[in-house]
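Thanks for coming. I will take you through one structure, starting with the chain as a whole and then going to single residues.

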Amino acid sequence: MRQVMTKLKKLRKDKGLSQREVAERLGMSPSMLAMMEGGYRRGSDETKVKLAKFYNESVDSLFFEDFYHLK
């Protein structure tokens, strides 16, 4: 989950956006985005799809990539 938080935050910062700006564009609360970036919430499938589309990433690469590397 830590990898997801780092990636979400990095992608947002790379776009030069605040949590509030991303949350407003996606129709979610800033606190939910903050909790997802902090690793405290996973978000619904719908939220994961919205974030993946917004950042032009696949849901798998954004949220499940570290699971593929487990041995």
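Among contacts in the protein chain between residues at least 6 apart in sequence, 53% join residues at least 24 apart. Contact here means heavy atoms within 4.5 Å. This is a predicted model, in which local features need pLDDT of at least 70 and side-chain atom pairs count only at pLDDT 80 or more, while totals for chains, interfaces and linings use all residues. Residues are numbered from 1 along each chain as its sequence is written, and side-chain values use heavy atoms, with hydrogens and water left out.

From the N terminus on, the order is α-α-α-α-α.

Now the surface. The protein chain exposes about 4800 Å², and carbon and sulfur atoms supply 50% of that area. Accessible areas come from the Shrake-Rupley method with a 1.4 Å probe, and for residues only the protein chains shown count as cover. Of the 71 residues, 32% count as buried. Buried means under 20% relative accessible area, exposed over 50%, and partly exposed in between (1.4 Å probe, protein chains only).

Next, the inside. In soluble globular proteins, nonpolar side chains tend to be buried together. A nonpolar core is a set of buried Ala, Val, Leu, Ile, Met, Phe, Trp, Tyr and Cys residues joined through side-chain atoms within 4.5 Å. The largest one in this model has 16 residues, and those with the most contacts inside it are Leu8, Val22, Met28, Met36, Leu51, Tyr55 and Leu62. Two or more residues each come from helix H1 (2-14), helix H2 (19-26), helix H3 (30-37), helix H4 (45-54) and helix H5 (59-68). What is leucine 51 in contact with, leaving aside its neighbours within four places in sequence? Its partners are Leu8, Val22, Leu26, Leu33, Met36, Leu62 and Phe63.

Take H3 by itself. Its buried residues are Met32, Leu33, Met36 and Glu37. Seen down the axis of H3, they fall within an arc of 135 degrees (the arc of the directions from the helix axis to the C-beta atoms), so they line one face of the helix. After H3 comes glycine 39, with a positive phi near 85 degrees.

Alanine 23, in helix H2, is buried at a relative accessible area of 0%. The C-alpha atoms of alanine 23 and leucine 33 are separated by 6.5 Å. Glycine 43 lies in the loop between H3 and H4, and the C-alpha distance from glycine 43 to leucine 33 is 8.5 Å. Not counting residues up to four places away in sequence, glycine 43 touches Met32, Met36 and Lys48.

Last, the rings. Rings of Phe, Tyr and Trp (its six-membered ring) pair if their centres lie within 6.5 Å; planes under 30 degrees apart count as stacked, over 60 as edge-to-face and the rest as tilted. The count comes to one aromatic pair. Phenylalanine 54 and tyrosine 55 have ring centres 5.0 Å apart and planes at 75 degrees, so the pair is edge-to-face. Phenylalanine 54 counts as buried at 19% relative accessibility, and tyrosine 55 counts as buried at 6%.

Note on methods:
Helices (H or I, at least four residues) and strands (E, at least two) are DSSP runs, numbered from the N terminus.
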